[in-house]
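The sequence and structure are shown below.

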Amino acid sequence: MTDHNKDIATAFSKGEFSSVYDKLADNIEWNIVGERLLKGKEEMTAYCQKTAQYFSEVDTDFRLMNVIAEGNQVMINGTAEFISKSNKSTYISSCDVYSFEENKLREIYSYCIRTNKS
């Protein structure tokens with residue numbers, strides 16, 4: 001189960017949201033700490049679709065540094081660079097903590113901080 005959970009979490013952290021929609025619990029919660037709390041599969045997929053639209057309008061470079069799985073939890077930290085059409089870059093350092101329940105993704109805590117490129 002741990003490898004299966006790692007695959008789901010990795011896809012999500014890389015912005016491949018639609019590939020995991022069928023793995024979301026109906027009562028999923030996504031806490032983007034300091035920004036918003038999304039509750040339920042419908043609210044979360046709507047937000048993911050909006051985010052995916054943004055990703056399609058910029059060049060993205062996701063770099064996952066650590067993927068740690070134990071039991072029903074997966075933690076991934078990494079960086080993302082978003083380059084706009086005007087060549088402006090935004091850098092994010094992030095850590096996502098995933099919790100699984102009954103083979104479904106039940107809860108995500110995301111910590112995202114704007115940083116300078118390192």
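## Strands 5 and 6

Tyr 98 stands opposite Ile 108 in strand 6. Strand 5 (residues 89-101) pairs with strand 6 in the antiparallel sense, over 11 bridges. Strands here are DSSP runs of E with at least two residues, numbered from the N terminus, and two of them pair if DSSP finds at least two bridges between them. The hairpin of strand 5 and strand 6 has 2 residues between the strands, and Glu 102 in this hairpin takes a positive phi near 50°.

## Basis of the model

This is a predicted model, in which local features need pLDDT of at least 70 and side-chain atom pairs count only at pLDDT 80 or more, while totals for chains, interfaces and linings use all residues. Residues are numbered from 1 along each chain as its sequence is written, and side-chain values use heavy atoms, with hydrogens and water left out.

## Strands 1 and 6

Strand 6 (residues 104-115) also pairs with strand 1 (residues 24-32), in the parallel sense and over 5 bridges. In this pairing, Ile 32 stands opposite Ser 110 of strand 6.

## Cysteines

The disulfide count is 0, where a disulfide is a pair of cysteine sulfur atoms within 2.5 Å. For Cys 48, which is in no disulfide, the nearest cysteine sulfur is that of Cys 112, 12 Å away. Cys 112 is in no disulfide either; its nearest cysteine sulfur belongs to Cys 95, at 9.3 Å.

Cys 48 counts as buried, because its relative accessibility is 0%. Cys 112 is partly exposed, with a relative accessible area of 42%. Buried means under 20% relative accessible area, exposed over 50%, and partly exposed in between (1.4 Å probe, protein chains only).

Conventions
Helices (H or I, at least four residues) and strands (E, at least two) are DSSP runs, numbered from the N terminus.
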